[in-house]
Amino acid sequence: MKTTLSIIKADVGSIGGHVAPSKKLLGTIREHVEDAMTSLLSDYYITSTGDDIAILMAHDKGPGHVDVHRMAWEAFKDGALTAKAQGLYGAGQDLLVDAFSGNVKGMGPAVAELEFDERPNEPFLMFMADKTEPGAYNLPLYMAFADPMNTAGLLLSPELTKGFRFRIMDVGYTEGDRVIDLELPEDLYNLAALLRDNDRYVVEAIFARHDGEQAVAASTTRLHNIAGRYTGKDDPVLLVRTQKNFPASGEVLAPYSVAPFVNGYMRGSHVGPFMPVVSGTGCSYFDGPPIVSCLGFCVHNGRFTEPVDMFAHPFWDTVRDRAATKAMEIRRQGFSGAAMLPFSELEYGGITNLLEKLDRRFKVRAEKGANELVGV
Ligand code: F6R
Ligand code: MG
Ligand code: MG
């Protein structure tokens, strides 16, 4: 029987601003999922990063299963009630529709799901990010699955040298799911050309060409495509199977040492470094910086081991220090140039009013070089 891993994640309220969920809120969600455990799930794990809560589930129902999705939706609904009762900020923020309609995709929460025949030992990594967007994983996934400068296995392992197939989604297209498959290494330049654009093209899945097995599933939700207005950043989750015919866990983690600049940060409208943090870390400086956590598990007969917090290792302290320096450095230039996102990606509409008013005050000169303004 195949095992399905499903992560469903949402922000349904937090303490002190968009910072971190309360213990009571986490407890409500845990209770709800615990009740579903015997009938629906073989195992689950609940964790938070920033103001987001993720429910990781193992079951045999396959991806997109209505009962699993409904259970998670109701758990977050319950959580939102607790958040409201406690007066948490942004209670119910990511639950964008009133009634559940078969699948939480397109309803606000982020989803990543993988189905496979368990190997005799099945290690995988679960990533969660806050104050950023799904494209934040583009560079780390490119480096881990396509770049032999990062992943020695692409040269050394007979399975990995066959390469990987990347499935990329065009998240700018709102009529449906617009996707393209690229075969690595042949399509290396094509892949780089797309992944350059983190807010438009996003890695949705990666498959090993050696045996066709799926290694990666990522969430690709664009909340403002759903709601038609800003409701929060898309704060993505990611599942990566590792080892043997996939990159090693360490090869998947290594790119996070770059702490690359990503979109998000304050008001989802700035650029900041992607800081690797311990699971459960909240947000702080300038509502950020954008953060990413990673838990490593093994799953066996649908049951999880306890997790290892991959970014708790002392190595990452140096990376965190460097990311903090980068975070402060880019903030020194405030709204200017590369520090704030282009107009199309600004998550708050206030500037539109400003610019509309200013637009009426612009004048076009009568002729090039003339000193007088038209109408003056
Ligand atoms: C970014 C984020 C925060 C908020 C900011 C203002 O994704 O969640 O940076 O945008 O704290 O929040 P509001 O508009 O709720 O006061
Ligand atoms: Mg929030
Ligand atoms: Mg968030």
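What follows is a walk through a predicted model, from its sheet and helices to its ligand. Local features need pLDDT of at least 70, side-chain atom pairs count only at pLDDT 80 or more, and totals for chains, interfaces and linings use all residues. Side-chain values use heavy atoms, with hydrogens and water left out, while residues are numbered from 1 along each chain as its sequence is written.

Four strands form an open, antiparallel sheet in the order 2-3-1-4, where strands (E, at least two residues) and helices (H or I, at least four) are DSSP runs numbered from the N terminus, and two strands pair if DSSP finds at least two bridges between them. Strand 2 (43-49) and strand 4 (110-116) are the edge strands, each pairing on one side only. Strand 2 is joined to strand 3 (residues 52-59) by seven bridges, and the two run antiparallel; in this pairing I46 stands opposite I55 of strand 3. Helix 1 (residues 23-40) packs on the sheet and touches strand 2 and strand 3, contact meaning heavy atoms within 4.5 Å.

Of the eleven residues around ligand 1, those that come nearest are H18, Y89, R267, D287 and Y348, a residue being near if one of its heavy atoms lies within 4 Å. Oxygen atoms of ligand 1 lie 2.9 Å from a polar side-chain atom of H18, 2.5 Å from a polar side-chain atom of D287, and 2.6 Å from an N or O atom in the side chain of Y348.

Notes:
Chains lettered and ligands numbered in written order. Polar contact = N/O pair within 3.5 Å; in protein donor to acceptor, adjacent residues only side chain to side chain. Axes fitted to C-alpha atoms, helices over the stretch in contact; angles between N-to-C directions.
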